[in-house]
Amino acid sequence: MKRFALILIFFSLLLPVAAGTASAAATTLAGRVLLQVESRGEAWYVNPLTLTRYYLGRPLDAFNLMRQLSLGVSNHDFDSWNGIAPSRLTGRFLIKPQDFGRAFYVYPLTRRLYYLGRPADAFDLISRLGLGISNADLARLAVAPGSAIAPAAVPVGDQTSQSEKFFPTNAMEQAIFKLVNDARQANGLAAVVWDDRIAAVAREHSQNLATENLALVDENKICTYPFIHHEGTVFGLHHSERLNNRQIYNFSGSAENIALIPLVKSTSYISDQNELPVDCQAKLDQLNQAYEIKIKNLTVEAEIIASVKSEVAKRTELLNEEKTIRVTETTWYGETEAEKKTVNGWMNSPGHRANILNADYTGAGLGIARVKDYIIITQVFVKNSTCGHKTGPCCEKTGFYPYCYIPLECANLICQ
């Protein structure tokens with residue numbers, strides 16, 4: 001029986017498609033590989049010629065599609081590019097007929113050429129270069145004629161034994177937020193007020209972690225190695241920087257709670273190998289403890305980000321080495337159970353509990369992203385301020401010059 005456990009960490013890219021027409025969204029995403037982080041990580045490719053999307057399916061299916069849509073290039077032209085394709089080929093798959101049919105992908109953000117290799121290698125590469133996207137934003141992109149169809153989600157049922165189950169993450173965000181406020185009020189504190197802007201930042205961090213974890217979890221492996229962390233590698237190292245980078249400045253204090261919650265209660269499986277029981281949780285705990293020790297000793301941002309990426313690479317390798325199993329039955333948690341597990345876990349962890357029960361915090365936002373059989377929950381708390389923040393008025397106090405929060409300075413009574 002495969003077992004899963006709650007993972008909690010204390011401290012403290014999905015890039016949302018901008019509002020607009022479907023064609024504008026498709027143009028922005030032309031040539032990108034999109035990952036459904038609110039579902040099971042299904043991968044889609046946006047053809048830059050037609051601005052429609054193709055479902056990539058399994059590695060071999062994806063590889064065959066890449067070759068089907070590829071453009072042939074000569075060795076002479078290819079070598080003249082020095083590793084960077086011309087802009088007209090942004091997002092295209094290329095094939096070299098004169099070089100045994102070797103295939104390449106032109107990454108849209110840099111136009112760098114990536115060799116695709118074997119089907120499994122190609123699928124892993126494009127997944128790592130993929131962009132997380134919500135189901136709602138994905139639905140705005142037309143499916144290409146002839147594209148394979150992604151498996152449909154299974155309707156919600158609290159206790160099922162289906163191969164896949166849908167979880168309403170938007171509703172769960174509100175439910176968990178309410179449970180957090182219930183805990184505050186039960187301890188004599190005022191409820192924090194929901195802030196859509198903060199929720200968007202929290203959700204974006206969850207989605208970035210979900211994209212990262214696509215390579216770390218696999219229900220067909222005896223053990224998996226999911227990884228959550230507060231250190232951001234996309235739009236800010238710390239949660240306060242992520243708030244600032246999304247133009248949120250009106251706070252004088254903040255904190256962040258994160259949780260990784262399994263959606264599967266239990267599984268039954270068949271393995272082709274006779275083996276002794278494996279304590280997957282002990283192996284995962286050991287990895288988490290080693291990472292926490294290592295990250296505490298780092299202060300340089302570049303070194304911290306390198307450490308995060310190194311940890312992801314290490315866990316990916318460990319997962320690839322795990323024994324493959326065939327799942328025969330899955331029992332899921334209901335969403336209410338998952339919501340309660342999140343807040344109960346936080347309240348039983350001293351650091352998380354302190355954040356929830358901090359009377360100084362007045363505003364908050366919470367965001368969830370799904371990665372296969374897990375959800376990642378991020379909640380950010382803030383102490384709202386009316387002065388001292390960037391672009392806000394300088395704070396004034398009798399007997400003191402007008403001032404701002406470090407490192408800002410007061411100029412013409414405005415913090416800059």
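**Figure 1. The salt bridge between Asp99 and Lys96 in the predicted model.** Asp99 forms a salt bridge with Lys96, and their closest N and O atoms are 3.3 Å apart. A salt bridge is a side-chain nitrogen of Lys or Arg within 4 Å of a carboxyl oxygen of Asp or Glu. Side chains of opposite charge can pair when their charged atoms come close. Asp99 is buried, with a relative accessible area of 15%, and Lys96 is buried as well, at 5%. Here, buried means under 20% relative accessible area, exposed means over 50%, and partly exposed lies in between (1.4 Å probe, protein chains only). A search of the whole structure finds 13 salt bridges. Because this is a predicted model, local features need pLDDT of at least 70 and side-chain atom pairs count only at pLDDT 80 or more, while totals for chains, interfaces and linings use all residues. Residues are numbered from 1 along each chain as its sequence is written, and side-chain values use heavy atoms, with hydrogens and water left out.

**Figure 2. The salt bridge between Glu256 and Arg242.** The closest N and O atoms of Glu256 and Arg242 are 3.0 Å apart. Glu256 lies in strand β11 (residues 251-262) and Arg242 in helix α8 (residues 239-245), so the pair ties together parts that are 14 residues apart in sequence. Helices (H or I, at least four residues) and strands (E, at least two) are DSSP runs, numbered from the N terminus. Glu256 is buried, at 1% relative accessibility. Arg242 is likewise buried, with a relative accessible area of 1%.

Figure 3. Glu311 forms a salt bridge with Arg315, the closest N and O atoms being 2.9 Å apart. Glu311 is buried, with a relative accessible area of 1%, and Arg315 is buried, with a value of 0%.

**Figure 4. A cluster of aromatic rings.** A search of the whole structure finds ten aromatic pairs. Rings of Phe, Tyr and Trp (its six-membered ring) pair if their centres lie within 6.5 Å; planes under 30 degrees apart count as stacked, over 60 as edge-to-face and the rest as tilted. The rings of Phe78 and Phe104 have their centres 4.6 Å apart and their planes at 50°, so the pair is tilted. This pair links distant parts of the chain, with Phe78 in helix α3 (residues 75-80) and Phe104 in strand β7 (residues 102-106), 26 residues apart. Phe78 is buried, with a relative accessible area of 12%, and Phe104 counts as buried at 7%. Phe104 also forms a tilted pair with Tyr115, at 5.4 Å centre to centre and 50° between the planes. Tyr115 lies in strand β8 (residues 113-115) and Phe104 in strand β7, so this pair ties together parts that are eleven residues apart in sequence. Tyr115 is partly exposed, with a relative accessible area of 43%. Ring pairs link Phe78, Trp81, Phe104 and Tyr115 into a cluster.

**Figure 5. Charged side chains over the rings of Phe78 and Tyr115.** Lys96 lies over the face of Phe78, at 4.1 Å from the ring centre. Arg102 lies over the face of Tyr115, at 4.5 Å from the ring centre. A charge sits over a ring if NZ of Lys or CZ of Arg is within 6 Å of the ring centre and within 35 degrees of the ring normal.

**Figure 6. An open sheet of four strands.** The strands have the order β5-β6-β7-β8, with mixed pairing. The edge strands, β5 (71-72) and β8, each pair on one side only. Two strands pair if DSSP finds at least two bridges between them. Strands β5 and β6 (residues 93-96) run parallel and are joined by two bridges. Leu71 has Leu94 as its bridge partner in β6. Strands of a sheet pair through backbone hydrogen bonds, either parallel or antiparallel.

Figure 7. Leaving aside its neighbours within four places in sequence, Thr169 is in contact (heavy atoms within 4.5 Å) with Glu38 and Ile368.
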